[in-house]
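These are my notebook entries on one structure, written down in the order in which I looked things up. I try to keep each entry to what I could read from the model itself.

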Amino acid sequence: MIEFQNVSKKYDNGVMALDNVNIKIEKGEFVFIVGPSGAGKSTFIKTILKEVDVSTGKIWVDETNITRLHRRRIPYLRRKVGVVFQDFRLLPNKTVYENIAFAMEIVGTNQRIIRKQVPMILALVGLMGKGNVYPNQLSGGEQQRVSIARAMINNPPILIADEPTGNLDPETSWEIMKILRTINRRGTTILMATHDREIVDIMRKRVIALEKGNVARDDKIGVYGYDD
Amino acid sequence: MTIKPIFTLKTALKSLWRNRMMSIASISSVSATLIILGIIFALIININAMAQSAKDQFNSIQVYIGDDVSAEERESLQTTIEGITGVDQVIYESRSDALEQMKESWQDNAYLLEGLEENPLPNSFIVYLTDIYYSAQVVSTMSTLPGVEEVKSYQDIVETLLNFTEMMRKAGMIIMFVLIAISTFIIHNTIKLAVNARRREINIMKYVGATNWFIRWPFLTEGTLLGMMGAGVSTLVMKFLYTYVYDLLNSDFYALISAYVVKPEVLVGDLIFLFFIIGAGIGALGSIWSMRKYLNV
């Protein structure tokens with residue numbers, strides 16, 4: 001589903017964010033990306049979303065070589081990759097329903113289908129009946145659920161979660177993890193960057209540890225393995 | 001991806017209303033630009049019209065013939081002049097014809113000519129040129145011919161007039177260009193504010209996979225709408241302004257000038273067209289310019 005072949009990324013300021021990275025992630029996998037700050041996690045994610053171009057090597061996403069993707073094709077790549085952020089990134093002046101519908105309008109979905117799909121995804125993330133509420137009336141955990149719903153509404157084969165529990169208390173974090181696990185079981189490949197030791201250790205999923213731009217560990221059933 | 005015109009228009013209008021102070025500033029700026037542009041345009045059009053009619057009037061050269069020239073000599077002189085390069089036509093005007101014509105053009109004041117004991121006017125040829133370009137050459141050639149007493153051409157006037165119109169046109173173009181640039185800049189700023197206010201939204205749109213054109217459309221529509229609203233305002237202002245000036249010139253006092261002044265209907269018709277194209281252009285250009293930086297996520 002995602003494959004990195006000898007990928008290196010050197011920024012203009014000389015920082016080697018990724019140094020000859022080789023990773024292969026199969027369809028339906030759940031992968032944690034761990035590592036200290038500045039290890040290259042963000043760059044790793046940004047290269048998949050084509051936010052940054054790699055210096056050398058090749059990246060494949062969903063059977064497509066995106067290493068030399070034309071700028072105009074980037075939106076279509078991103079439609080295959082849902083993204084969830086630590087800070088939710090919801091639009092404050094739109095209701096929950098509108099925030100999710102917005103993602104469908106962008107790809108040109110018919111209003112009739114939008115009206116049918118949004119309640120279904122709200123049920124999946126456990127926010128049934130909250131469609132007409134504004135984000136600031138929701139708790140952090142609920143806001144993150146909305147952002148997961150928005151990321152998944154167009155049914156992307158891949159979901160990237162960049163520290164999705166970073167702003168949440170442990171209990172709420174587990175609720176989010178349950179939702180992600182459900183989504184994963186339905187066949188979506190999930191890539192989650194995190195600093196949350198407990199979650200990584202208990203989930204017992206594949207763990208890729210990045211350090212100074214290198215893959216330091218890649219365990220089928222891994223642990224967090226840092227002391228921070 | 002399909003573009004929904006009503007959805008786009010609604011979004012654009014909503015955003016314009018939200019930033020209404022800046023919208024009003026932009027519309028005013030575009031209107032001001034277009035009004036000044038319209039005034040310059042009106043001036044140029046009128047000066048051109050006047051220059052054109054003046055040129056037609058002054059396109060001839062008068063050649064006065066000495067009183068002692070006989071009819072035969074006069075006819076051979078005419079043939080000689082007709083042979084000069086650049087001469088289109090030579091018409092003989094006898095002194096009595098000239099007097100008649102003068103009486104006619106003086107109309108009510110013609111009685112002043114009644115008191116003349118004898119006709120003071122000379123016999124003359126009126127020489128028409130194929131092109132004003134030959135003027136100097138023809139004049140100097142004719143001056144040397146025997147029997148020619150005096151050659152009177154309006155070359156200087158015509159040249160001054162042509163230079164003046166040319167200068168006006170160039171100055172007008174420069175002023176127009178500067179004004180258009182300023183307006184584009186102001187629209188650029190307005191849209192930048194709108195884009196800035198919605199940077200978050202644009203960022204999210206990019207992540208969800210919106211194409212650049214999907215994001216651009218509402219802003220482009222916004223800018224174009226601002227430009228066209230400015231065009232509408234300035235068309236109205238120019239219509240009233242020009243009609244007022246035209247009526248003023250048409251009052252008896254200036255009747256002489258008003259014959260050459262372009263009619264308001266004609267001018268405003270031209271202006272509407274010009275304003276809407278330039279207004280929409282300024283708006284579209286300004287908004288695309290302000291979007292560029294934010295689309296690279």
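This is a predicted model: local features need pLDDT of at least 70, side-chain atom pairs count only at pLDDT 80 or more; totals for chains, interfaces and linings use all residues.

**Entry 1**

I then stayed with helix 8 of chain B and asked which of its residues are buried. My list holds B:Ile204, B:Met205, B:Lys206, B:Tyr207 and B:Val208. The cover over the buried residues of this helix includes helix 2, strand 6 (81–85) and helix 3 of chain A, together with helix 9 (212–250) of chain B. After helix 8 of chain B comes B:Gly209, and its phi is positive, near 100 degrees.

**Entry 2: a sheet in chain B**

Next I traced an open sheet of four strands in chain B, which has the order 2-3-1-4 and antiparallel pairing. Why is one side of strand 2 and of strand 4 left without a neighbour in the sheet? Strand 2 (87–93) and strand 4 (148–153) of chain B stand at the edges and each has a single partner strand, so one side of each has no neighbour there. I noted as well that neighbouring strands of this sheet are turned against each other by 20 degrees on average, direction ignored.

Helix 6 (residues 135–143) of chain B packs on this sheet and touches strand 1, strand 2, strand 3 (123–129) and strand 4 of chain B. The direction of helix 6 makes about 165 degrees with that of strand 4 of chain B.

I went through the pairings one by one:

- Strand 2 and strand 3 of chain B run antiparallel and are joined by six bridges, and B:Val87 stands opposite B:Leu129 in strand 3.
- Strand 1 and strand 3 of chain B are also antiparallel, with six bridges between them, and B:Tyr64 has B:Ser124 of strand 3 as its bridge partner.
- Strand 1 (residues 60–65) of chain B pairs with strand 4 of chain B in the antiparallel sense over five bridges, and B:Ile61 stands opposite B:Ser153 in strand 4.

Is strand 3 of chain B mostly covered or mostly open? I found it mostly covered, since five of its seven residues are buried.

**Entry 3: two helices of chain A**

I then turned to helix 3 (residues 96–106) and helix 4 (residues 111–124) of chain A, whose axes come within 10 Å and cross at roughly 125 degrees. That angle makes helix 3 of chain A oblique to helix 4 of chain A, and their crossing is right-handed.

Which residues make the contact? From helix 3 of chain A I listed A:Tyr97, A:Ile100, A:Ala101 and A:Met104, and from helix 4 of chain A I listed A:Ile114, A:Gln117, A:Val118 and A:Ile121. By class, the residues of this contact divide into seven nonpolar, one polar and no charged.

**Entry 4: a hairpin and its neighbour in chain A**

Strand 9 (206–211) and strand 10 (214–219) of chain A form a hairpin with two residues between them. They pair in the antiparallel sense over five bridges, and A:Ile208 has A:Asp218 in strand 10 as its bridge partner. A:Lys212 counts as partly exposed because it has 14 C-beta neighbours inside 10 Å.

Strand 9 of chain A is also joined to strand 3 (residues 30–34) of chain A, by four bridges, and these two run parallel. Here the bridge partner of A:Val31 is A:Arg206 in strand 9.

A:Glu163 lies in the loop between strand 7 (158–162) and helix 6 (170–185) of chain A. Its phi is near 50 degrees, a positive value in a residue other than glycine. With 19 other C-beta atoms within 10 Å, A:Glu163 is partly exposed.

A:Tyr76 is found in helix 2 (residues 74–78) of chain A, and with 13 C-beta neighbours inside 10 Å A:Tyr76 counts as partly exposed. Last, I noted that A:Tyr76 and A:Val107 are 31 residues apart in sequence and 9.2 Å apart in space, C-alpha to C-alpha.

Key. Residues are numbered from 1 along each chain as its sequence is written. Chains are lettered from A and ligands numbered from 1 in the order in which they are written. Two strands pair if DSSP finds at least two bridges between them. Axes are lines fitted to C-alpha atoms, for helices over the stretch in contact, and angles run from 0 to 180 degrees between N-to-C directions. Two residues are in contact if their C-beta atoms, placed from the backbone, lie within 7 Å. A residue is buried if 20 or more other C-beta atoms lie within 10 Å of its own, exposed if 12 or fewer, and partly exposed in between; C-beta atoms are placed from the backbone. Angles under 35 degrees count as roughly parallel, over 145 as roughly antiparallel, 65 to 115 as roughly perpendicular and the rest as oblique. A crossing is left-handed if the near helix is turned anticlockwise from the far one by less than a right angle, and right-handed if clockwise. Ala, Val, Leu, Ile, Met, Phe, Trp, Tyr, Cys and Pro count as nonpolar, Asp, Glu, Lys and Arg as charged, and the others, Gly among them, as polar.
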